[in-house]
Amino acid sequence: MQNAARSAYAVISASAVIPAQAGIQGGEAPIVRHLGLAGFAPTYQAMRRFTDARGTTTPDELWVLEHPPIYTVGIAGRAEHFPRSGEVPVERIDRGGQITYHGPGQAIVYALVDLDRRCLTVRAMVTLLERAVIDTLRRHDVKAEKKNDAPGVYVDGAKIAALGLRVRRGCCYHGVALNVDMDLAPFSAIDPCGYPGLAVTQTRAHGIPAGAEEMGDELARRIARLIEDP
């Protein structure tokens with residue numbers, strides 16, 4: 001685990017916030033950046049700034065990181081699903097979906113992708129992220145699946161990865177969060193993704209020894225390959 005002092009203030013560099021303007025073809029692989037343990041608020045603002053600043057030739061990027069404990073609530077979030085106890089902060093944001101939890105030991109990959117240039121619909125991007133998680137877990141002999149009526153990835157009926165996107169100017173941000181080796185107790189204080197009683201699980205419970213940093217890198221590279229050649 002990275003030292004908590006490596007906050008997003010330190011690790012989100014100017015090059016990650018202000019995208020490079022370089023020639024790119026639609027099929028070129030995204031840049032993968034590792035941001036360590038990064039505060040949610042500065043990372044969220046950095047994603048928005050990146051999306052506002054990017055142009056038609058800006059390379060896509062995938063940001064791999066973990067967050068300190070926080071609940072995030074999408075634009076459709078309803079108060080009845082909010083925490084019933086605890087001191088974890090709640091942040092309303094502009095992605096789709098309801099409430100979820102982020103904390104150390106969860107591998108997050110934020111996908112800053114020009115959907116228009118890639119000829120990807122939002123639905124196709126969601127499917128791509130789900131497929132990347134499923135393929136990554138399959139490499140570790142864990143069978144996972146998606147549900148048509150509930151975005152995300154599940155193992156034996158328990159949610160192991162949540163996802164949500166926001167699209168502005170034809171480009172998306174936010175992404176996917178894979179539970180790896182974390183404290184799952186904060187999920188019990190909410191209705192995860194708006195589903196009361198939804199069980200959650202993590203990769204460590206299914207015999208995968210890799211930590212969040214390693215799993216995040218593996219997942220990001222799988223996403224990059226699928227974006228490059230869907």
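This is a predicted model: local features need pLDDT of at least 70, side-chain atom pairs count only at pLDDT 80 or more; totals for chains, interfaces and linings use all residues.
The chain has an average pLDDT of 88, and 88% of its residues score at least 70.

Let us turn to the interior. In soluble globular proteins, nonpolar side chains tend to be buried together. In this chain, the largest nonpolar core has 39 residues, and those with the most contacts inside it are Leu62, Met125, Leu137, Val176, Leu178 and Ile223. Which elements each supply at least two residues of this core? The strands that do so are E2 (61-66), E6 (106-114), E8 (150-155), E9 (158-168) and E10 (171-179), and the helices are H5 (122-138) and H6 (212-228). Another core, of 16 residues, lies apart from the largest one; Ala46, Tyr110, Leu112 and Tyr173 are among its members.

Leaving aside residues up to four places away in sequence, Leu137 touches Val142, Ala144, Val155, Ile160, Thr203, Ile208 and Met215.

Next, look at helix H3, which spans residues 40-53 and contains Arg48. Tyr173 lies 125 residues from Arg48 along the chain, yet the C-alpha atoms of the two are separated by 7.7 Å. Tyr173 is also one of the residues in the 16-residue core.

Now for the strands E3, E4 and E5. These 3 strands form an open sheet with mixed pairing, in the order E4-E3-E5. Strand E4 (90-92) and strand E5 (99-102) each have a single partner strand, so they stand at the edges, with one side of each left without a neighbour in the sheet. From one strand to the next, the twist averages 25°. Strand E3 (residues 70-73) runs antiparallel to E5 and is joined to E5 by 4 bridges. As an example, Thr72 has Thr100 in E5 as its bridge partner.

Finally, the aromatic rings. A pair of aromatic rings is described by the distance of the centres and the angle of the planes. The structure holds 4 aromatic pairs. In one of them, Phe50 and Trp63 have ring centres 6.0 Å apart and planes at 85°, so this pair is edge-to-face. Phe50 sits in helix H3 and Trp63 in strand E2, 13 residues apart, and the pair links these distant parts of the chain. Both residues, Phe50 and Trp63, are buried.

Tyr101 and Phe187 form another pair, with ring centres 5.5 Å apart and planes at 80°, so the arrangement is edge-to-face. Because Tyr101 lies in strand E5 and Phe187 in the loop between E10 and H6, the pair ties together parts that are 86 residues apart in sequence. Tyr101 and Phe187 are both buried.

Definitions and conventions
Residues are numbered from 1 along each chain as its sequence is written. Side-chain values use heavy atoms; hydrogens and water are left out. pLDDT is the predictor's confidence in each residue, from 0 to 100. A nonpolar core is a set of buried Ala, Val, Leu, Ile, Met, Phe, Trp, Tyr and Cys residues joined through side-chain atoms within 4.5 Å. Buried means under 20% relative accessible area, exposed over 50%, partly exposed in between (1.4 Å probe, protein chains only). Contact means heavy atoms within 4.5 Å. Two strands pair if DSSP finds at least two bridges between them. Axes are lines fitted to C-alpha atoms, for helices over the stretch in contact, and angles run from 0 to 180 degrees between N-to-C directions. Rings of Phe, Tyr and Trp (its six-membered ring) pair if their centres lie within 6.5 Å; planes under 30 degrees apart count as stacked, over 60 as edge-to-face and the rest as tilted.
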